Amino acid sequence: MSRPEERLPADLFYDDRESSKYTTSSRIQKIQSDMTHRALELLQLDSPSLIMDIGCGSGLSGEILSSVSPVDGGPHIWVGMDISASMLDIALQKDVQGDLLLGDIGQGLPFRAGSFDAAVSISAIQWLCNAETSEVNPLGRLSRFFNGLYASLRRGGRAICQFYPKNDAQRSLISSAAIKAGFGAGILEDNPGTKNSKLYLVLTAGESKIQGDITSMVKNIRDVEIQDQGRLLRTAGKKGDRRSNKSEIIRKKEQMERRGKVTKATSKYTGRSRRRVVF
């Protein structure tokens with residue numbers, strides 16, 4: 001049986017019929033609940049927070065965010081974004097407490113820089129890897145999503161994205177795009193080697209109050225693969241690897257853009273040495 005994302009784009013696949021079937025399935029409700037609670041556990045929020053629910057669907061995860069008790073750091077306020085109008089219509093009918101936004105995360109996230117304390121995503125980001133036409137570039141969609149997510153989170157904010165990669169190449173494509181956007185990234189696998197295996201992309205944007213990096217965030221959790229981009233760059237620097245002036249300028253521009261700042265366009269003259277003229 002083919003994967004849903006290989007059959008149709010998400011906005012077409014989740015029509016009224018599929019959206020209703022997904023929302024009312026007791027099996028899916030149980031799985032969604034377990035994964036959302038796991039994501040909250042990994043976020044380690046100790047006070048009410050503003051959370052982005054990426055691919056919120058009919059609000060199954062959002063309802064859990066709203067119901068977190070004060071003892072556990074809740075309740076949380078959330079804003080959900082999804083590409084399926086049918087899913088969001090069901091969420092409106094249920095009168096969920098979060099705000100809802102219809103949009104394609106592959107085109108970026110339309111939020112002010114630093115707006116959110118954290119983000120969760122359940123079974124959504126693998127849809128970004130599919131190209132329905134030759135004009136669709138999965139890497140570009142992933143890049144726009146993760147750059148927008150990084151900009152939307154406050155510094156030290158965290159995001160947990162549960163996803164179902166088709167294969168190791170897709171898993172690597174997703175994690176690499178997150179790292180390129182500036183995140184510290186780790187992949188946590190629950191129940192590895194079984195049919196109940198679940199993957200979580202654990203992301204941190206900048207310095208975190210939990211010991212500062214992704215390593216300490218998941219150091220006591222088994223079956224974690226950690227990719228620390230900052231450490232790789234520092235190691236490369238010690239080995240004498242020096243970036244060209246142009247690549248360093250481009251890197252700093254991308255960093256400023258992720259923070260929501262406007263930069264000048266890059267051209268063939270960027271980073272070029274200026275000729276000195278003496279009169």
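Visitor: Is Cys129 buried or exposed?
Guide: This is a predicted model, and the answers rest on values computed from it. A residue counts as buried when its relative accessible area is under 20%. For Cys129 that area is 12%, so the residue falls under the cut-off and Cys129 is buried.

Visitor: And Cys56, is that residue buried or exposed?
Guide: The relative accessibility of Cys56 is 3%. Because the cut-off for this class is under 20%, Cys56 counts as buried.

Visitor: How are helices H3 and H4 oriented to each other?
Guide: Helix H3 covers residues 16–24 and helix H4 residues 26–43, and their axes are 5 Å apart. The packing angle is about 65°. Angles of 65 to 115 degrees count as roughly perpendicular, and therefore H3 and H4 are described as roughly perpendicular.

Visitor: Which residues make that contact, and how many of them are charged?
Guide: H3 contributes Tyr22, Thr23 and Thr24, while H4 contributes Ser26, Ile28, Gln29 and Gln32. Sorted by class, two residues of the contact are nonpolar and five are polar.

Visitor: Where does His76 lie, and is it buried or exposed?
Guide: His76 is found in the loop between helix H5 (60–66) and strand E2 (77–82). Its relative accessibility is 5%. Since the cut-off is under 20%, His76 counts as buried.

Visitor: Which backbone nitrogen does the side chain of His76 reach?
Guide: Leaving aside neighbours within four places in sequence, His76 is in contact with residues including Leu40, Leu45, Ile51, Leu65 and Val68. Ser49 is also among its contacts. At 3.1 Å, the side chain of His76 reaches the backbone nitrogen of Ser49.

Visitor: Which elements are included in what covers the buried residues of H6?
Guide: Helix H6 spans residues 85–93, and its buried residues are Ser86, Met87, Leu88, Ile90 and Ala91. Their cover includes H3, E2 and strand E3 (99–102).

Visitor: What percentage of the residues of the protein chain count as buried?
Guide: The protein chain holds 11 helices and eight strands. Of its 279 residues, the buried share is 45%.

Technical notes:
Residues are numbered from 1 along each chain as its sequence is written. This is a predicted model: local features need pLDDT of at least 70, side-chain atom pairs count only at pLDDT 80 or more; totals for chains, interfaces and linings use all residues. Side-chain values use heavy atoms; hydrogens and water are left out. Buried means under 20% relative accessible area, exposed over 50%, partly exposed in between (1.4 Å probe, protein chains only). Axes are lines fitted to C-alpha atoms, for helices over the stretch in contact, and angles run from 0 to 180 degrees between N-to-C directions. Helices (H or I, at least four residues) and strands (E, at least two) are DSSP runs, numbered from the N terminus. Angles under 35 degrees count as roughly parallel, over 145 as roughly antiparallel, 65 to 115 as roughly perpendicular and the rest as oblique. Contact means heavy atoms within 4.5 Å. Ala, Val, Leu, Ile, Met, Phe, Trp, Tyr, Cys and Pro count as nonpolar, Asp, Glu, Lys and Arg as charged, and the others, Gly among them, as polar. A polar contact is a pair of N or O atoms within 3.5 Å; within protein, one must be able to donate a hydrogen and the other to accept it, and residues adjacent in sequence count only if both atoms are side-chain atoms.
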